[in-house]
Amino acid sequence: MTIRLYNTLTKSKDVFVPLDRNNVRMYVCGPTVYDYAHIGNARPVIVFDVLFRLLRHTYGENHVKYVRNITDIDDKINARALERRGNRDILMALRELTEETQRVYLEDVTALGNLPPTYTPRATEHVAQMTQMIARLIAAGHAYVAGGHVLFDVSSKADYGKLARRSLVDMIAGARVDVAPYKKNAMDFVLWKPSDAQTPGWDSPWGFGRPGWHIECSAMADEYLGESFDIHGGGIDLVFPHHENEIAQSEGAHHNHPLATVWMHNGYLNVEGTKMSKSLGNFVTIRELLETEKFGGQRWSGVLLRLAMLMTHYRQPIDWTNSRLVEATIRLDGWMRSSRSVGVPERGQVPQNFLDAVNDDLNTTEALSILDSLASQSRSPSQRAPVDRADELAAAMVWIGIAKLEDFAEARAESQQLRDTIRAALTEMPKEAIAAAIAARNAARKAKDFKESDRIRDELLAKGIVLKDG
């Protein structure tokens with residue numbers, strides 16, 4: 001099978017060729033653990049989990065390494081730890097805060113159906129590796145010490161800006177960063193900075209202090225994957241400056257050897273058409289979606305959130321809406337009912353056209369439409385082997401992480417209960433509910449579940465709402 005991935009570095013969809021097919025390596029930037037993860041944080045976790053599954057399927061489970069770090073050195077973390085410090089050592093307060101937040105994060109992303117990465121390193125446990133890399137950068141002439149800081153000299157890297165496709169001259173001209181008096185260039189970024197008695201810090205050749213954000217990922221990637229590896233991923237917001245700076249410092253420390261061959265980035269996530277913000281009141285965490293009725297008036301299962309995320313191609317922006325979750329509910333319920341009315345599905349073969357879709361730059365929208373088709377075929381008496389189609393459907397659902405073979409009976413009951421809850425909500429018809437009902441009907445029509453589609457249409461008609469299909 002040929003895997004094709006869109007590479008932000010080349011701006012093209014290229015055939016993926018690993019550096020070593022017996023040691024395929026991927027690094028994805030993980031969370032900053034000072035607060036509960038919001039739904040936008042879930043997107044890269046789910047996207048790169050699908051890629052992790054694809055790589056394991058193609059090259060073998062024992063030949064793929066996946067690193068997703070934990071950022072537990074950050075000024076937001078420091079401020080929160082200082083609030084909670086009391087009479088304790090500041091590093092103890094920091095550790096308590098980040099371990100608690102990390103625990104919730106791991107519980108949440110596991111509930112979304114994600115496999116655990118091969119390694120989940122914490123920044124605080126790799127400060128020695130960071131100081132070693134900084135020392136190499138100074139020795140190579142890529143970094144300098146000034147004003148108690150160590151800074152990367154961007155002018156020392158002729159191709160700085162190659163990932164973001166921005167020239168250094170243009171970046172300096174439009175710089176919105178703090179132009180500290182000790183910087184040689186406005187775009188020079190911090191590798192190490194001093195800490196006072198109220199701020200977590202570590203001893204270093206440059207004094208008591210803490211690392212900058214960018215060096216953390218470079219050092220941890222080097223520790224677990226080596227100087228060069230296959231895939232580096234994260235959200236589109238990380239292209240600049242974080243990933244650009246990772247490239248500069250890693251290549252500077254490793255004689256210009258490429259950090260990663262392929263750079264992949266998922267698109268933004270908005271909530272009900274608006275950028276998510278606490279000030280706008282549309283900020284929603286994974287934990288709230290799973291355990292409260294804050295969004296849409298009900299709780300949502302982890303696999304349903306996963307499905308709703310995968311219904312849009314990973315490089316496209318997502319509008320996270322109640323209608324999207326309703327559509328995902330109807331779709332998942334239809335698949336569950338089609339994958340055999342009773343009992344546990346057999347271990348069917350994952351259909352080749354489903355895998356082909358995922359191989360094509362993780363085209364999950366096409367892959368899910370194939371599940372719709374399998375569901376329709378499994379219900380059709382004209383099909384010669386509907387049971388085989390049902391088992392293929394179940395196998396594909398398991399493969400992409402929206403079902404587990406051992407939990408099918410429980411999952412069917414849960415999806416039906418959620419569907420019934422949504423139906424009950426349609427008895428009162430505010431504008432949002434009408435939109436949700438229309439989305440649910442469209443999902444049913446797409447899945448060729450015409451009985452469900454007609455039922456929703458008739459319910460709306462009984463309330464004086466007429467739908468006309470064009």
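**Cysteines, strands and helices**

The structure, which is a predicted model, holds zero disulfides. C29 is in no disulfide, and the nearest cysteine sulfur, that of C217, lies 3.9 Å away. Are the two cysteines buried or exposed? C29 counts as buried because its relative accessibility is 13%, and C217 counts as buried because its relative accessibility is 1%; the limit for buried is under 20%.

We may now turn to the sheet. Four strands form an open sheet with parallel pairing, in the order β4-β3-β9-β10. The edges are taken by β4 (64-68) and β10 (260-266); each has a single partner strand, so one side of each is left without a neighbour in the sheet. On average, neighbouring strands of this sheet are turned by 20° against each other, direction ignored. Within the sheet, strand β3 (residues 24-28) pairs with strand β9 (residues 229-235) in the parallel sense, over three bridges.

Helix α6 comprises residues 213-225 and lies across β3, β4 and β9. The direction of α6 is at about 160° to that of β3.

Other strands pair in the antiparallel sense. Strand β6 (residues 149-152) is joined to strand β7 (residues 189-194) by three bridges, and the two run antiparallel. Here V150 stands opposite W192 in β7. Strand β7 also pairs with strand β8 (residues 209-211), again antiparallel and over three bridges. In this second pairing, K193 stands opposite R210 in β8.

T131 belongs to helix α4 (residues 127-139) and is buried, with a relative accessible area of 14%.

Helix α1 (residues 39-59) packs against helix α9 (residues 302-310) at an angle of about 80°, and their axes are 10 Å apart. The two helices are therefore roughly perpendicular to each other. On the side of α1, the residues that meet α9 are I39, A42, R43, I46, D49, V50 and R53; their counterparts in α9 are R306, M309 and L310. By class, this contact has six nonpolar, no polar and four charged residues.

Finally, the backbone deserves attention. Most residues other than glycine have a negative phi, and most peptide bonds are trans. Against that background, F240 and P241 are joined by a cis peptide bond, with omega of about 10°. P241 is placed in helix α7 (residues 239-253). R165, although not a glycine, has a positive phi of about 60°; R165 lies in the loop between β6 and α5 (168-173). D361 is not a glycine either, and its phi is positive at about 55°. The loop that holds D361 is between α11 (352-359) and α12 (364-379). D361 is buried, with a relative accessible area of 1%.

Methods: Residues are numbered from 1 along each chain as its sequence is written. This is a predicted model: local features need pLDDT of at least 70, side-chain atom pairs count only at pLDDT 80 or more; totals for chains, interfaces and linings use all residues. Side-chain values use heavy atoms; hydrogens and water are left out. A disulfide is a pair of cysteine sulfur atoms within 2.5 Å. Buried means under 20% relative accessible area, exposed over 50%, partly exposed in between (1.4 Å probe, protein chains only). Two strands pair if DSSP finds at least two bridges between them. Axes are lines fitted to C-alpha atoms, for helices over the stretch in contact, and angles run from 0 to 180 degrees between N-to-C directions. Contact means heavy atoms within 4.5 Å. Angles under 35 degrees count as roughly parallel, over 145 as roughly antiparallel, 65 to 115 as roughly perpendicular and the rest as oblique. Ala, Val, Leu, Ile, Met, Phe, Trp, Tyr, Cys and Pro count as nonpolar, Asp, Glu, Lys and Arg as charged, and the others, Gly among them, as polar.
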